[in-house]
Amino acid sequence: MTTAPTAVQAPLLSARGLHVTFPGRHGAAPARAVDGVELDIRAGEIVALVGESGCGKTTLARSLLGLVPPTAGHVSFGGKPLEYSSRALKAYRSHVQLVLQDPSGSLNPRHTVYDAVAEGLRIHGYAGDERAAVAGALSRAGLRPPERFFLSYPHELSGGQRQRVVIAGALVLEPELIVADEPVASLDASVRGEILALLLRLRAELGLSALVVTHDLGLAWNIADRVAVMYLGRIVETGDVEQVLSAPRHPYTQALLSVLPEAPGNPVVLTGEPPDPSRIPSGCRFHARCQVLASGEAERAGVVDACRGEDPGILTGGGEAQVACHWARVTRITT
């Protein structure tokens, strides 16, 4: 667990009322992959975006990067709305960089490490000392001495080294924010900790902000300042990592935490698969799988009708602890 910045500051990156909808095929209803998201990331902050596969977190991340234009709402960086012209996006991506989960797939096997890291500099017309910039990025990513790796090819490196090359390729443009999509999912357990420690060191040394997309709440606990839990296109719980993971309020967050090896009690087995984003249910979108509803606790709290028929609403982008759950809100008031 890390320590969040204490000063109140304007967000570096923010999403307001963000929707991403994909057309349905063969007359099917449109798929609401991102369905009204508000999210802030402050300078020097690491935010973990957590959820099951298919919940919309990768689509949200790609929209924040400008790779997927929103259907509605907007993204702002440094207080200015993101524009989608080629020139504006190119300038934006010198400030915000993507780190993919599979370094083997994101590195061209025919390019040396030097060329892989230098690619961003060449795209952006870097006028400085390219060799020094590449060496600096590799060194910051933990590949030292950097010159040793210049002429290496991806197949000659370990998985951890390849991921460091991908990170170096993001760092070479000196961005203010990186978006890391499952950055350690393809790595051995022994290497995962090294990469997470690297991200924390980069935050400490460079003031780098990060959005880390993951299905692993244990990873979020170890690296994040804040966590946003996503389900079926919406953020359903958010707040400081200690608030959310020590005392989760949403039944979905509780279920995700219950399957961690160190979690007390029995794991919560969610019934069924997440609903189709083209057929999002009325009321709370989690109610058909909710263990609180199934156990009768929601009925005892008098919120069954609300769970099934009233949308709990969109959480704001602020950093305070918030939950989109009728039962959690009622039980917080009465306890």
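Are Arg226 and Glu45 buried or exposed? Hi everyone, let me start with that pair. Both Arg226 and Glu45 are buried, where buried means under 20% relative accessible area, exposed means over 50%, and partly exposed lies in between, using a 1.4 Å probe and protein chains only.

A quick word on the ground rules. This is a predicted model, so local features need pLDDT of at least 70 and side-chain atom pairs count only at pLDDT 80 or more, while totals for chains, interfaces and linings use all residues. Residues are numbered from 1 along each chain as its sequence is written, and side-chain values use heavy atoms, with hydrogens and water left out.

Back to our pair, then. The side chains of Arg226 and Glu45 form a salt bridge, with N to O at 2.7 Å; the term stands for a side-chain nitrogen of Lys or Arg within 4 Å of a carboxyl oxygen of Asp or Glu. Helices and strands here are DSSP runs numbered from the N terminus, with H or I over at least four residues for helices and E over at least two for strands.

Searching the whole structure gives 15 salt bridges. Another of interest joins Arg32 to Asp35, whose closest N and O atoms are 3.0 Å apart. Arg32 is partly exposed at 31% relative accessible area, whereas Asp35 counts as buried at 5%. Then there is Arg279 with Asp276, at 3.7 Å from N to O. Arg279 is exposed, at 60%, and Asp276 is partly exposed, at 32%. Shared partners also tie Arg32, Asp35, Arg234, Arg285 and Asp311 into one network of salt bridges.

Now for some helix geometry. Two packed helices are described by the angle between their axes and the distance between the axes. Here α6 (residues 159–171) and α7 (residues 189–206) pack at about 20 degrees, with axes 10 Å apart. The axes are lines fitted to C-alpha atoms over the stretch in contact, and angles run from 0 to 180 degrees between N-to-C directions. That makes α6 roughly parallel to α7, since angles under 35 degrees count as roughly parallel, over 145 as roughly antiparallel, 65 to 115 as roughly perpendicular and the rest as oblique. The crossing of α6 past α7 is right-handed, meaning that the near helix is turned clockwise from the far one by less than a right angle.

Which residues of α6 make the contact? They are Gly160, Gln163, Arg164, Ile167 and Leu171, and the α7 side includes Val191, Glu194 and Leu206. Contact here means heavy atoms within 4.5 Å. Together the contact residues divide into eight nonpolar, two polar and two charged.

Last, some backbone geometry. Most residues other than glycine have a negative phi, and most peptide bonds are trans. The peptide bond from Arg144 to Pro145 is cis, with omega near -10 degrees, and Pro145 lies in the loop between α5 (130–140) and α6. His26, not a glycine, has a positive phi of about 55 degrees; His26 belongs to the loop between β1 (13–22) and β2 and is exposed at 85%. For Glu174, phi is near 55 degrees, again positive. Glu174 is in the loop between α6 and β7 (177–181), exposed at 63%. Thanks, everyone!

Key. Ala, Val, Leu, Ile, Met, Phe, Trp, Tyr, Cys and Pro count as nonpolar, Asp, Glu, Lys and Arg as charged, and the others, Gly among them, as polar.
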